[in-house]
Amino acid sequence: SSLSATEDNYGNWHASLAMTRIEANISWEQSLVQYFMMKSPLFALLLLCIAKFDFAEAFATQKSHLQHHNSKTAGRISSLSATEEKNTDKEDKFSFQQRIESVKTAAVGAISGGIAATPFIGFHDIPLYGTATWEFDTDMGSLQSALFAIVYRYCVREEDDNEMLNMGVVGAFVVVRTLSRVRVPEYCTAVPLTCGSPLSYFDWNMIQQLALNGLESAALFGAAAVAMEFAYKKEFISKFPN
C-alpha cells in the first residue's frame, strides 16, 4: 500500500509539473501576442509617417521640376547664372529630401530591428526579470536600431560595394551594445577584478551575459542592416551620396 501511495504521489507531481510547463508556454505566447497588439499603433504611426514623407518628397520634387522648367523658359542671363543654377540643381547632401530619407531610414530600422530582436530579448528577460523589463528592453532596442540604421546609411554610401564595411558597421554596434549590458556580480572583488572561474576576470555568469546579449544585438542590428539593403534594392530608400 505504501508503494502504491508513493506511485500515486509521483504521478500527481508529474501531472502538476506538466501543467505548470503548459501554463508557462501559454503565458509566453499570450505575452508575445499582447506585446505586438500593444505596439501595433506605434508601427501604424511609423508607416503613416513614411507615407506622409513620401507625399512631401513627391511634392518637393514636383516643385523643384517646375522651378527648373520656369528657369529654362526664362532663359539664361549669363554664363555665370547658368553655372549657379547647375550647381543648385545638384543634390544637396543636407537638403529636405535627405532629411526625409533619414526619417524613412529610422522607421525601417526601428520596425525591423525591434521585431527581430523581440523573441531573443524575451528569452533572456522574461525568465530572469519579467515582462516589464522585456517590454522596456524591446522598446529601447527599437530606438537603438533606428539610430543604427541612420548611421548605417551615412557609412555605406553610393558606390560602396565593400561587404567588409557593412559587416564592420554591424559588428561595431553589436560589440558596443553587448559589452555595455554586462553587469558585474556583487561577489566580485576589485583591483584587480576577480570574479572566479573560468577566466577570473569573467566568470560563468558574465560569460552567459555576453552570450545572451551578443545574440540579442546580432539579431537587432543584423535584421536592421538586411532591411536597409532590401530597401535600397527596392529603391524605397536612396543611399547617401558620396
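Which residues form a nonpolar patch on the surface, and how much accessible area do they have together? The patch is formed by Phe136, Met140, Leu143 and Leu147, with about 390 Å² of accessible area together. Patches are made of residues with over 30% relative accessible area and no salt bridge, with nonpolar side chains (Val, Leu, Ile, Met, Phe, Trp, Tyr) joined within 5 Å and like charges within 9 Å. Met140, one of the four, is found in helix α4 and counts as partly exposed at 32% relative accessibility. Here, buried means under 20% relative accessible area, exposed means over 50%, and partly exposed lies in between (1.4 Å probe, protein chains only). Accessible areas come from the Shrake-Rupley method with a 1.4 Å probe, and for residues only the protein chains shown count as cover.

The structure is a predicted model, in which local features need pLDDT of at least 70 and side-chain atom pairs count only at pLDDT 80 or more, while totals for chains, interfaces and linings use all residues. Residues are numbered from 1 along each chain as its sequence is written, and side-chain values use heavy atoms, with hydrogens and water left out.

Of the 242 residues, 30% count as buried. The accessible surface comes to about 15700 Å², and carbon and sulfur atoms account for 65% of that area. Contacts (heavy atoms within 4.5 Å) reach across the sequence: among those between residues at least 6 apart, 74% join residues at least 24 apart.

Helix α5 can be followed in some detail. Its 18 residues should span 26 Å at 1.5 Å a residue, and its end C-alpha atoms are 26 Å apart, which agrees. The expected span is 1.5 Å times one less than the number of residues. The buried residues of α5 are Asn166, Val169, Val170, Val174, Arg177 and Thr178. Seen down the axis of α5, these buried residues fall within an arc of 150 degrees, so they line one face of the helix; the arc is that of the directions from the helix axis to the C-beta atoms. An α-helix has 3.6 residues a turn, so residues three or four places apart point the same way. The buried residues of α5 pack against α3 (96-128), α4 and α6. On the face turned away from the buried side, α5 carries the exposed residues Met164, Val176 and Leu179.

Charged side chains also join parts of this fold. A search of the whole structure finds four salt bridges, each being a side-chain nitrogen of Lys or Arg within 4 Å of a carboxyl oxygen of Asp or Glu. Asp137 and Arg181 meet in one of them, at 3.4 Å from N to O. This pair links distant parts of the chain, with Asp137 in helix α4 (residues 131-155) and Arg181 in the loop between α5 and α6, 44 residues apart. Asp137 counts as buried at 11% relative accessibility, whereas Arg181 is partly exposed at 22%. Another salt bridge brings together Glu216 and Arg177 (3.5 Å, N to O), with Glu216 in helix α6 and Arg177 in helix α5, 39 residues apart. Both Glu216 and Arg177 are buried, and the relative accessibility of Glu216 is 1%. Arg181 also forms a salt bridge with Glu216, the closest N and O atoms being 3.8 Å apart.

Most residues other than glycine have a negative phi, and most peptide bonds are trans. In the loop between α5 (163-180) and α6 (204-233) lies Pro192, and the peptide bond from Val191 to Pro192 is cis, with omega near -5 degrees. The bond from Ser197 to Pro198 is cis too, with omega near 10 degrees, and Pro198 is found in the loop between α5 and α6. Ser200, in the loop between α5 and α6, has a positive phi of about 70 degrees although it is not a glycine; Ser200 is partly exposed, with a relative accessible area of 32%. Glu235, in the segment after α6, has a positive phi of about 60 degrees and counts as exposed at 71% relative accessibility.

How values were computed
Helix = DSSP H or I, 4+ residues; strand = E, 2+ residues; numbered from the N terminus.
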